Amino acid sequence: MIRAYLSRKYSVFKLMPEGNLPDMSYHLNTPPSLGLGFTYRSLSFSASHGLNFLKSDNKKGTTNITDLQLRLYKRKWVIDAVASFSKGYYLSPKGLASADGQSYYQRPDLGTQMVGLGVCRILNDKRFTYGSALSQNSWQKKSAGTFLIGAEAFYIASNADSSFVPNAVDTLYNQQNIKRFHLFEIGPSVGYAYMLVIHKNFFLMGSFNATLNLSYSREIGDSKGTRAGAWPDYIFRIGAGYNNNKWNLGISWLGTRVTARGETSMYKYIYNAGSYRLVYAVRFAVNKDMKKILN
């Protein structure tokens, strides 16, 4: 099977203070990407290139990113592995902390490194498959759902040359000069997924996994503070499109959230990451068994 796709990834580093101070969301300025891939049985490979001329706004600064992801959708298992290294963010909402109050406050020095692994067991694997909606390697012809159980682990580190929070927003945090935040989380997950199939070909799929992660976080500035706790997080998957035995056209959205709280600042730190994808895939017969399926 060969597929072409248009995708866009996003990553948000959000800081939520207590009291009446505003929430701050640091975003990457990433353009859409055009990619090609192939799948043979359980082996899948894809490569994409960013369409920089479609970047939303040069006034949001420049982002450098290396992003490696493995999304393996087997019949009984889902495996997610991520290694992402990015630098260069802009602050939202527009005008917050900027000198003129109208432009985006840019942080070319701010970077985030994330590595993570998640494993999920599909309990109703005889009737439900993610492949129809997300990897185009199967065709589910009837509506079905399944409960999900699994576990995940993440390590995330954010670093900057100076305080994450501008002095114009929070003078106390800025004076503490907290410019590094490290987080490790691990925990079990439970969830449910369902695919609605109409006339065998049209499909709409939704999946949600909730996790309760044990976390260990560390803020580093003029002083250091560590905190241990438990936080609820999640990962969701949404897909829709048309599928038959020769081709597939679909859209999908995958998103995840990781949360923790700092000990020194008492800020809540939230990492949201995910991607949108539009895919067109064509299946080819490579042996006699495959020819029987396609015919």
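Two residues are in contact when they have heavy atoms within 4.5 Å of each other. Keep that rule handy, because contact here always means heavy atoms within that cut-off.

## Ser163 and its surroundings

Let's start with Ser163, which touches Arg107, Tyr173, Asn174, Asn177, Ile178 and Lys179, not counting residues up to four places away in sequence. You'll find Ser163 in the loop between β8 and α2 (171-176). The element names come from DSSP runs, numbered from the N terminus: helices are H or I runs of at least four residues, and strands are E runs of at least two.

Is Ser163 buried or exposed? Ser163 counts as buried because its relative accessibility is 5%; buried means under 20% relative accessible area, exposed means over 50%, and partly exposed is in between (1.4 Å probe, protein chains only). A polar atom of the Ser163 side chain also lies 3.1 Å from the backbone oxygen of Val165. For a polar contact, the rule asks for a pair of N or O atoms within 3.5 Å; within protein, one must be able to donate a hydrogen and the other to accept it, and residues adjacent in sequence count only if both atoms are side-chain atoms.

## What kind of model this is

This is a predicted model, where local features need pLDDT of at least 70 and side-chain atom pairs count only at pLDDT 80 or more, while totals for chains, interfaces and linings use all residues. Residues are numbered from 1 along each chain as its sequence is written, and side-chain values use heavy atoms, with hydrogens and water left out.

## The nonpolar cores

In soluble globular proteins, nonpolar side chains tend to be buried together. A nonpolar core is a set of buried Ala, Val, Leu, Ile, Met, Phe, Trp, Tyr and Cys residues joined through side-chain atoms within 4.5 Å. The largest one here has 26 residues, and Phe13, Leu15, Phe164 and Tyr269 have the most contacts inside it. Strands giving two or more residues to this core include β1 (2-16), β2 (24-28) and β13 (268-282), and β2 gives the most, with three residues.

What is Leu15 in contact with, leaving aside its neighbours within four places in sequence? The list for Leu15 is Asp23, Met24, Tyr26, Phe164, Val165, Tyr173, Tyr267, Lys268 and Tyr269. There is also a second, separate core of 15 residues, and Val78, Ile122, Leu148 and Ala193 are among them.

On a 1 Å grid over the protein atoms alone, a cavity is a set of points where a 1.4 Å probe fits but cannot get out, and a pocket is an open set with protein on both sides within 12 Å along at least five of seven lines; lining residues have an atom within 4 Å of a point. Points are joined across faces, edges and corners, and a volume is the space filled by probe spheres set on them.

How many cavities of 30 Å³ or more are there? The count comes to two. The largest cavity has a volume of about 450 Å³. Of its 36 lining residues, Arg71, Val82, Met114, Phe154 and Thr256 are the closest to the centre, and β7 supplies the largest share of the lining, eight residues. The second largest cavity has a volume of about 30 Å³, and β12 gives the most to its lining, with three residues.

## An open pocket

The second largest pocket holds about 220 Å³ of space. It is lined by 14 residues, and Arg8, Lys9, Tyr10, His27 and Leu28 lie nearest its centre. The largest share of this lining, five residues, comes from β1.

Most residues other than glycine have a negative phi, and most peptide bonds are trans. Now look at the loop between β6 and β7, where you'll find Pro93. The peptide bond from Ser92 to Pro93 is cis, with omega near 10°. Ala97 is found in the loop between β6 and β7, and it has a positive phi of about 70° although it is not a glycine. With a relative accessible area of 19%, Ala97 is buried.

Met266 sits in the loop between β12 and β13. Met266 has a positive phi of about 65°, again without being a glycine. Its relative accessibility is 27%, so Met266 counts as partly exposed.
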